[in-house]
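Biologist: I would like a close look at a single part of this model. Please take one residue and its surroundings, and then go on to the contact between the chains.

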Amino acid sequence: MSGFRDERLAALKAKIATLEAGGRADSESLPFGDSHIDSCFLDGGLPLGCWHEFGGEGMEAETAACPAAFAALVAAPLARRGEAVWILRRDDLFVPGLVGLGFPAERLIQVCARDEDEALAVAEDALATPGVAAVFAEVETVSLTAGRRLQLACEKRGATGFVIRRRPYGGKAKAAGGSAAASRWRVTPAASEPGPGEFGLGPPRWAVELERCRGGRTGSWLFEAADAFTYEASDGTHPLRLVAPLGGQQLAPSQPLRRTA
Amino acid sequence: MDRAGRRLGLYVGQKATDAAAIAPELVTAEAEPEADARALSALVDWCVRFSPAVAADGPDGLFMDISGVAHLWGGEAELLADFQSRLSANGLAFRIAIADTPGAAWALAHYGQDGAIARPGQQIGLLAPLPPAALRLEPETAAQIDRLGLKVLAQLFDIPRAPLARRFGIETLTRLDQALGRSKEALIFHRAPTPWFARLAFAEPISAPEDMARVAFDVGAALCARLEKEGQGARRFELCFHRVDGQVAPLQVGLALAARDPTRIAKLFAPKIETIDPGFGVEVVTLEAGEVEALSGRQARLDSLLEAGSAEGLAPLIDRLTNRLGEDRVWKARPVESHVPEQSVVPGAALGPSVAGWDPERPRPFRLFRRPEPLEAVTALMPDDPPRQFRWRGQLHRVRRAEGPERIGQEWWRGAIEDVRTDHIRDYYRVEDEAGARFWLFRAGTYTPGTQAKWWLHGLFA
């Protein structure tokens with residue numbers, strides 16, 4: 001009896017997985033290299049060929065420095081594979097700072113859009129272009145229809161979209177509607193820790209909450225930019241290092257939590 | 001040398017001091033060979049109205065081959081008169097001669113009578129009284145001939161060829177033969193660039209948008225076929241709809257890489273054609289290609305869509321974006337060697353070689369404000385200390401950690417030495433507030449006792 005139930009359950013799960021993958025058999029994923037977070041995703045890593053949403057709170061809702069930096073580092077391994085396109089509404093992205101965090105900016109094309117609709121249209125266009133691996137778009141909100149269109153564009157060539165929610169300065173907060181994103185992240189700055197015997201600021205840290213994850217689990221962690229402001233970067237490892245899981249997350253029972261703080 | 005100068009007794013090659021002694025009111029100017037060459041080149045271009053074969057000669061002359069064109073003016077004399085009047089109208093000083101050979105024409109123009117026309121086969125008589133220098137000889141050779149008492153060309157004509165060549169070099173003989181038409185001379189004619197231009201005229205004016213889109217493709221196909229035949233591609237196209245009422249509506253598209261694919265070009269024009277008001281109809285459409293450059297043929301590959309990372313897919317995207325948003329809205333950041341943060345990045349071509357030249361060990365913010373924003377209520381313990389707290393956009397931030405200062409000064413070597421000031425400096429600090437937000441702020445200028453230091457926020461770290 002229970003064997004039959006398990007079988008049915010497995011078949012249903014497989015069916016859902018194919019639906020989630022949007023009909024693509026060759027869905028890829030980008031592992032973070034830490035089982036704490038990779039186990040939250042269906043395929044053991046951030047799914048590619050779909051789009052992800054990053055946002056912040058308070059001051060970060062308008063400046064969006066931390067969500068954008070986190071998204072850039074999540075996508076850094078992708079940017080080494082192909083071209084990256086960054087769509088802005090305000091031209092204040094400072095590429096030397098991006099390079100300092102360990103993002104390969106040599107193939108980054110920046111586009112300054114005039115309004116929200118144009119930014120989304122450019123993102124859609126870029127996602128459907130062969131050779132483009134990652135597309136970053138700084139927009140206010142993505143409506144359900146726009147999100148669906150982005151998803152279709154992602155599925156065309158398997159490019160991955162990174163939508164960074166950013167409110168115009170002085171703008172009123174808009175209610176975030178339902179979203180077609182594969183995952184939604186909230187990134188807030190966290191106090192940095194300089195190494196023992198070092199002065200000043202340590203590598204940048206962020207408290208990251210995975211608020212929504214299609215086909216996976218949510219969670220929150222403390223991340224650190226592992227290669228920030230150093231030449232000793234790009235040895236193949238992921239530029240984000242998980243410092244510690246933060247409280248209140250659901251963990252798979254099979255994987256006991258090991259604190260690494 | 002113009003008439004006024006000649007009247008004063010000035011001549012070419014005179015020393016400036018001698019000339020000033022003759023005419024004390026003389027104003028001297030530096031020679032500008034490049035500007036002269038440019039002006040001559042422009043004159044050569046202009047002369048194409050008389051003959052398609054025009055060649056620049058030396059710093060101050062030009063040859064025009066008028067074989068077969070003089071009858072259009074009614075004869076050589078009429079052509080010459082028209083040419084002279086047009087040159088005079090432009091305020092140019094000139095000397096002209098017409099002869100069978102370039103050599104003879106040069107000799108007559110430089111040493112003979114201005115406006116001389118040598119009848120066919122008759123130039124030998126006109127050349128005979130001219131000095132040997134009229135043969136376009138090296139100055140040393142001409143001086144040597146002159147020293148030997150050979151004052152006119154007629155004397156040179158009588159000398160047997162072999163001793164002449166032995167005595168004055170084969171060059172003299174060649175020049176003599178060229179002047180008399182016994183030896184050929186090659187001129188390098190200036191070739192005006194063939195315009196990359198195509199035109200379609202219609203029997204009936206058109207106005208439907210789909211018709212306009214179709215003719216845009218047709219005229220593009222005509223031009224692209226020509227481009228392909230000559231192995232060229234263009235990066236700029238201008239499509240003009242000439243309306244019945246004489247109005248012209250131009251449309252432009254630019255491409256990141258040179259291309260000659262009519263379908264692609266038509267696609268770039270398509271959204272713009274909708275904005276055109278055809279009025280009572282369009283009777284002529286023209287397409288002009290600009291920035292034409294060599295483009296090797298490429299075979300369309302079956303798997304070209306699968307070629308990830310190829311410029312094939314990216315170039316059309318860049319074209320679409322630059323044409324839709326404007327050229328300054330799509331770029332790739334390029335490093336500039338500058339300490340001043342806002343000057344260390346310039347926008348470069350979106351499609352281009354990848355470069356990165358920024359020092360990753362120097363912490364730079366993730367977002368840099370175009371204009372630094374003033375900070376209020378900044379408290380620092382010591383004049384040289386980072387602030388303990390500051391107010392930005394109405395919010396108070398308490399500083400938990402700070403590092404700095406990094407002093408960035410004016411790049412004095414870029415400007416004039418008089419403009420250099422030592423107080424144009426910024427002391428940058430990287431600070432982290434209690435919430436973990438990281439800022440890049442600076443104190444402007446040096447510390448002066450009794451005055452409040454001015455603090456600015458220049459960027460945000462992630």
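Where in chain B does Glu185(B) lie?

Modeller: The model is predicted. Glu185(B) sits in the loop that runs between helix H10 (170-180) and strand S5 (197-206) of chain B. This residue counts as partly exposed because it has 14 C-beta neighbours inside 10 Å, while a buried residue would need 20 or more and an exposed one 12 or fewer. Apart from neighbours within four places in sequence, the contacts of Glu185(B) are Thr101(B), Pro102(B), Gly103(B) and Gln178(B). Of these, Thr101(B) is 84 residues away along the chain, and its C-alpha atom is separated from that of Glu185(B) by 8.3 Å.

As for the contact between the chains, chain A contributes 45 residues and chain B 47 residues. On chain B, the side that touches chain A draws at least two residues from each of helix H13 (311-325), strand S9 (330-335), strand S11 (367-374), strand S14 (395-409), strand S15 (425-433) and strand S17 (454-461). H13(B) gives the largest share of that side, with 6 residues. Sorted by class, the side of chain B that touches chain A holds 26 nonpolar, 13 charged and 8 polar residues.

Strand pairing also links the two chains. Strand S5 (residues 108-112) of chain A and S9(B) run antiparallel and are joined by 2 bridges. Val111(A) has Val330(B) as its bridge partner in S9(B).

How values were computed: Residues are numbered from 1 along each chain as its sequence is written. Chains are lettered from A and ligands numbered from 1 in the order in which they are written. This is a predicted model: local features need pLDDT of at least 70, side-chain atom pairs count only at pLDDT 80 or more; totals for chains, interfaces and linings use all residues. Two residues are in contact if their C-beta atoms, placed from the backbone, lie within 7 Å. Helices (H or I, at least four residues) and strands (E, at least two) are DSSP runs, numbered from the N terminus. Ala, Val, Leu, Ile, Met, Phe, Trp, Tyr, Cys and Pro count as nonpolar, Asp, Glu, Lys and Arg as charged, and the others, Gly among them, as polar. Two strands pair if DSSP finds at least two bridges between them.
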